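User: Could you walk me through this model before I set anything up? I'd like the fold to start with, and then the pocket.

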Amino acid sequence: MPARPSVVRAALMVGLVLLGRILYRKGSLINTLAVAALLILLVDPMMLFDVGFQLSFAAAFSLIYFLKDIMSTGS
């Protein structure tokens, strides 16, 4: 059974962020999300048409994009 797109996306993003910290690099979450999408699509281009893939990346992008607004209204 293949892994779900959300699990693969989360694992790749965590791995990329940790790799950046090991290399003492400051990274952008949007760029990390884009690289994760690129890597997944390089392995399986048909994943682009998977609704789970699309929703997972749309939700992650929305959370990253509105993170500052979400954090400022919480306090």
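Analyst: Helices here are DSSP runs of H or I with at least four residues, and strands are runs of E with at least two. Please keep in mind that this is a predicted model. On that basis the chain has four helices and zero strands, and along the sequence the pattern reads α-α-α-α.

User: OK, and what box do the C-alpha atoms fill?

Analyst: Taken along the principal axes, the box is roughly 40 × 30 × 20 Å. The accessible surface of the chain is about 5,900 Å², and carbon and sulfur atoms make up 71% of that area.

User: How much of the chain counts as buried?

Analyst: Of its 75 residues, 20% count as buried. As for the contacts with a separation of 6 or more, 52% of them are between residues 24 or more positions apart.

User: Which residues make up the largest nonpolar core?

Analyst: There are 10 residues in that core, namely M13, L33, A36, A37, I40, M47, F53, F57, A60 and I64. Helices α2 and α3 each contribute at least two residues to this core.

User: Switching to the pocket: how much space lies in the largest one?

Analyst: The largest pocket holds about 440 Å³ of space. The elements giving two or more residues to its lining are α1 (5–22), α2 (29–43) and α3 (51–65), and α1 has the largest share, with eight residues.

User: Which residues lie nearest the pocket centre, and how many line it?

Analyst: The lining comprises 20 residues, and those nearest the centre are V17, G27, S28, L29 and T32. By class, the lining has 11 nonpolar residues, five polar ones and four charged ones.

User: Let's look at T32 then. Where does T32 lie, and is T32 buried or exposed?

Analyst: T32 lies in helix α2. Its relative accessible area is 11%, and T32 is therefore buried, since the cut-off for buried is under 20%.

User: What does T32 touch?

Analyst: Not counting residues up to four places away in sequence, T32 touches M13, L16 and V17.

Conventions. Residues are numbered from 1 along each chain as its sequence is written. This is a predicted model: local features need pLDDT of at least 70, side-chain atom pairs count only at pLDDT 80 or more; totals for chains, interfaces and linings use all residues. Side-chain values use heavy atoms; hydrogens and water are left out. Buried means under 20% relative accessible area, exposed over 50%, partly exposed in between (1.4 Å probe, protein chains only). Contact means heavy atoms within 4.5 Å. Accessible areas come from the Shrake-Rupley method with a 1.4 Å probe; for residues, only the protein chains shown count as cover. On a 1 Å grid over the protein atoms alone, a cavity is a set of points where a 1.4 Å probe fits but cannot get out, and a pocket is an open set with protein on both sides within 12 Å along at least five of seven lines; lining residues have an atom within 4 Å of a point. Grid points are joined across faces, edges and corners, and a volume is the space filled by probe spheres set on the points. Ala, Val, Leu, Ile, Met, Phe, Trp, Tyr, Cys and Pro count as nonpolar, Asp, Glu, Lys and Arg as charged, and the others, Gly among them, as polar. A nonpolar core is a set of buried Ala, Val, Leu, Ile, Met, Phe, Trp, Tyr and Cys residues joined through side-chain atoms within 4.5 Å.
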